[in-house]
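Subject: Structure for you to look at

Hello,

Here is the structure we talked about, with its sequence.

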Amino acid sequence: MKDTFRIIATVALVTLLIASLYALAMEVLEMRESKRDIERVYRTLEEAELQKNSEESPEEEEWVAKYIALAEENAEFFGWIHVDGTDIDLPVMHSPERPGYYLKHSFWGKYSDYGTPYLDERCVPDISNNYVVYGHNMRNGTMFAQLHRYESEEFWEEHPHIQFDTLTEKGTYEIFSVFHFDAEHEGYWFNAHTCMGEMEVCEFLREALARQLYETGIEPVYGDQFLTLCTCDRTYRNGRFFVLARKVVT
């Protein structure tokens with residue numbers, strides 16, 4: 001009887017070990033595939049910049065040329081987000097006819113647990129006064145995971161701006177509120193507000209400033225263009241982490 005028990009226990013342990021090794025191998029392969037996909041996006045940008053540098057063109061058009069190259073590869077490309085002090089330097093997609101598609105797909109349309117940052121389907125380009133962008137909080141620190149650095153007031157002081165460019169305009173945004181959000185118990189959903197009137201903006205700002213982890217001293221107003229970044233947050237069982245910013249008018 002004891003021998004039988006030992007055999008069963010050994011088989012179970014070996015099976016568990018094989019399953020764990022398989023899961024680890026798949027995770028590593030997925031990470032490498034995601035890295036290759038992003039590097040391919042970077043190469044497309046670099047090639048577009050080299051091409052543009054070899055041509056005679058107005059200086060103000062140079063910034064958008066590389067993004068046009070990405071739009072030619074995928075018409076659902078919306079813009080590019082860059083956050084200093086992090087590895088966030090990524091394309092942002094928009095697929096209103098396929099909500100959430102890029103939650104599990106790469107820029108190139110391949111299935112991926114890493115996904116690609118994407119704009120909420122309710123956002124209307126050049127009309128919405130709040131661009132809502134989602135990205136995964138990957139355990140290996142990729143995608144939007146490093147947004148959590150903004151939990152530190154010191155990090156915010158050193159990196160108060162986010163660059164978010166679209167095919168129609170360049171945009172520098174200053175962060176005015178960051179906070180944790182309990183999706184199971186809170187009733188006000190910041191990502192649901194994309195085309196806001198004056199009263200809605202006032203409520204949006206009141207809710208955001210009441211939750212901020214630290215005071216930024218920035219006082220947004222109706223008429224500002226907002227950027228809302230959202231990723232998962234392990235503070236709660238079903239948590240979100242929000243970083244809210246307004247566009248700097250130059």
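Which residues in α4 are buried? Before the reply, one caution: this is a predicted model.

The buried residues in α4 are Val201, Phe204, Leu205 and Ala208. They sit on the same side of α4, because they cover an arc of only 95° around the axis. The buried residues of the helix pack against four strands, namely β4 (130-134), β6 (172-182), β7 and β8 (239-247). As for its length, α4 has 14 residues and spans 20 Å from first C-alpha to last, close to the 20 Å expected at 1.5 Å a residue.

Next, Asp224. This residue is in the loop that runs between α4 (198-211) and β7 (226-233). Is Asp224 buried or exposed? Its relative accessibility is 14%, so Asp224 counts as buried, the cut-off for buried being under 20%. The side chain of Asp224 has a polar atom 2.9 Å from the backbone nitrogen of Val221. The side chain of Asp224 also makes a polar contact of 3.2 Å with the side chain of Arg246. Apart from neighbours within four places in sequence, Asp224 is in contact with Asn129 and Arg246.

Lys247 belongs to strand β8. Along the chain, Lys247 and Asp224 are 23 residues apart, yet 6.7 Å separates their C-alpha atoms. Not counting residues up to four places away in sequence, Lys247 touches Glu169, Lys170, Gly171, Thr172, Tyr173 and Gln225. With one of these, Glu169, the side chain of Lys247 forms a polar contact of 2.9 Å.

Last, there are two residues whose backbone angles deserve a look. Asp126 is not a glycine, but its phi is positive, at about 65°. Asp126 lies in the loop between β3 (118-119) and β4, and it counts as exposed because its relative accessibility is 53%. Met143, also a residue other than glycine, has a positive phi near 55°. Met143 is found in the loop between β4 and α3 (153-158). With 9% relative accessibility, Met143 counts as buried.

Regards

Conventions:
Residues are numbered from 1 along each chain as its sequence is written. This is a predicted model: local features need pLDDT of at least 70, side-chain atom pairs count only at pLDDT 80 or more; totals for chains, interfaces and linings use all residues. Side-chain values use heavy atoms; hydrogens and water are left out. Buried means under 20% relative accessible area, exposed over 50%, partly exposed in between (1.4 Å probe, protein chains only). A polar contact is a pair of N or O atoms within 3.5 Å; within protein, one must be able to donate a hydrogen and the other to accept it, and residues adjacent in sequence count only if both atoms are side-chain atoms. Contact means heavy atoms within 4.5 Å. The expected span of a helix is 1.5 Å times one less than its number of residues. The arc is that of the directions from the helix axis to the C-beta atoms.
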